[in-house]
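This report describes a protein structure for a reader who has not seen it before. Please look over the sequence and the model before reading on.

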Amino acid sequence: MLKKSLSLLAGAFLIASITSCNKFKKTDSGLEYQIVKDSVGGPSPEKGGYITFWFAIKNDKDSIIDTQFSDPNPVGIPTPDAAYKPSIEEGFWLLTEGDSAEFLLNADSLYGKTFHRPLPAGIAAGSTVKMVIRMSKVYTKKFIDSVMVLQEQQQQNQMLEESVTYQKDSIAIQNYLKKNNLKGQATIGGAYVVKLKENKSTDIFIAPLDTIQTTYSGKLLIEGTEFDHSPDGEFFTFVVGMGQVIRGWDQGFQKLKRGEKALIIIPSRLGYGSRGAGGAIPPNSPLVFEVEVKK
């Protein structure tokens with residue numbers, strides 16, 4: 001009898017312990033939360049910083065409505081202000097890097113004020129949902145500021161490099177025109193079209209969305225090396241202005257009519273840019289194409 005009583009007492013103590021562990025705490029605003037895993041010593045969120053995390057949302061029947069835990073990449077957002085309370089935004093400030101927690105939230109407030117979208121199927125209006133959060137990395141404002149400075153420097157370096165390339169291409173194109181005694185018509189982006197055979201009829205110029213057929217040969221402007229040409233007796237077909245070809249072509253062909261033959265001289269920014277194209281076209285190479293519009 002004594003053994004049975006002790007067994008019942010131990011069971012009751014275990015149930016009480018589990019119940020106590022599962023009790024949610026409340027903030028002053030009324031946010032109910034429970035820390036499932038406490039990573040002591042991790043960095044805390046701070047204003048102007050950045051946080052990354054995984055999440056899951058369960059409805060009042062404990063069914064998973066949405067989860068991101070299967071994604072290897074966590075969600076990343078600037079550390080949010082708690083625009084209203086109680087809210088999940090308030091909850092983030094209770095966690096440190098590596099923590100896991102559960103939050104009980106009003107469904108209407110979560111979806112209406114935080115997510116700014118209607119309640120999904122499976123969540124009733126006015127119900128309570130459970131949002132599970134596992135914090136990944138917490139970045140300080142100082143770290144984010146240093147990243148922003150680095151990005152700004154990279155952008156400035158890129159702009160400087162593009163400016164230098166722009167000038168080099170412009171000089172190369174003008175030298176080519178002068179050397180070959182050619183007069184070209186500039187496009188809005190800085191390509192030049194030199195007509196070798198004109199169509200002086202009243203035919204209209206090629207326009208965006210026109211489908212055209214052309215023959216072509218392409219060379220590196222400075223080196224003069226041919227890197228591509230249309231096969232004999234075959235035409236290359238494309239739709240103008242749809243990004244199916246390099247921008248220099250999209251712009252240059254709009255200066256031409258049916259039956260015209262021309263050189264289209266293209267700065268690298270309207271060609272293959274800093275990437276180049278395989279081994280045939282080095283990075284930052286201005287190009288010259290001889291084309292003839294067939295149809």
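The model is predicted, so local features need pLDDT of at least 70 and side-chain atom pairs count only at pLDDT 80 or more, while totals for chains, interfaces and linings use all residues. Residues are numbered from 1 along each chain as its sequence is written, and side-chain values use heavy atoms, with hydrogens and water left out.

## Cores

A nonpolar core is a set of buried Ala, Val, Leu, Ile, Met, Phe, Trp, Tyr and Cys residues joined through side-chain atoms within 4.5 Å. Buried means under 20% relative accessible area, exposed over 50% and partly exposed in between, with a 1.4 Å probe and protein chains only. Helices (H or I, at least four residues) and strands (E, at least two) are DSSP runs, numbered from the N terminus.

The largest nonpolar core has 23 residues, and Trp 249, Phe 253, Leu 256, Phe 289 and Val 291 have the most contacts inside it. At least two residues of this core come from each of strand E10 (211–220), strand E13 (261–266) and strand E14 (287–293). E14 gives the largest share, four residues. Another core lies apart from this one; it has 21 residues, including Leu 31, Phe 103, Val 129 and Met 135.

Which residues surround Phe 289, leaving aside its neighbours within four places in sequence? Contact here means heavy atoms within 4.5 Å. Among the residues in contact with Phe 289 are Tyr 216, Phe 227, Ile 246, Trp 249, Leu 263 and Ile 266. Phe 289 is buried, with a relative accessible area of 4%.

## Aromatic pairs

Rings of Phe, Tyr and Trp (its six-membered ring) pair if their centres lie within 6.5 Å; planes under 30 degrees apart count as stacked, over 60 as edge-to-face and the rest as tilted. By this rule there are 13 aromatic pairs. Two of them are set out here.

| Pair | Centre to centre | Angle between planes | Type |
|---|---|---|---|
| Tyr 216 and Phe 236 | 6.0 Å | 80° | edge-to-face |
| Phe 227 and Phe 289 | 5.6 Å | 90° | edge-to-face |

Tyr 216 in strand E10 and Phe 236 in strand E12 (residues 236–239) are 20 residues apart, and their pair links distant parts of the chain. Tyr 216 is buried at a relative accessible area of 15%, whereas Phe 236 is partly exposed at 31%. The other pair also links distant parts of the chain: Phe 227 is in strand E11 (residues 226–229) and Phe 289 in strand E14, 62 residues apart. Ring pairs join Tyr 216, Phe 227, Phe 236, Phe 238, Trp 249, Phe 253 and Phe 289 into a cluster.

Helix H3 spans residues 107–114, and its buried residues are Ala 107, Ser 109, Leu 110, Tyr 111 and Thr 114. Their cover includes strand E3 (50–58), strand E4 (64–67), helix H2 (88–92), strand E6 (100–106) and strand E7 (128–139).

Two strands pair if DSSP finds at least two bridges between them. E3 and E7 run antiparallel and are joined by eight bridges; Trp 54 has Arg 134 in E7 as its bridge partner. E6 and E7 are also antiparallel, over seven bridges, and Asn 106 is the bridge partner of Thr 128 in E7.

Ser 127 lies in the loop between H3 and E7. Ser 127 is buried, because its relative accessibility is 8%. Leaving aside neighbours within four places in sequence, Ser 127 is in contact with Asp 60, Leu 105, Asn 106, Ala 107 and Asp 108.

## Helix H4

Helix H4 (residues 141–179) has 39 residues and reaches 56 Å from its first C-alpha to its last, close to the expected 57 Å. The expected span is 1.5 Å times one less than the number of residues. The buried residues of H4 are Thr 165, Asp 169, Ala 172, Ile 173 and Leu 177, and they pack against strand E9 (192–197) and E13.

## Backbone details

A cis peptide bond, with omega about -5°, joins Lys 85 and Pro 86. Asp 62, not a glycine, has a positive phi of about 65°. Just after H3, His 116 takes a positive phi of about 55°, and His 116 is exposed at 62% relative accessible area.
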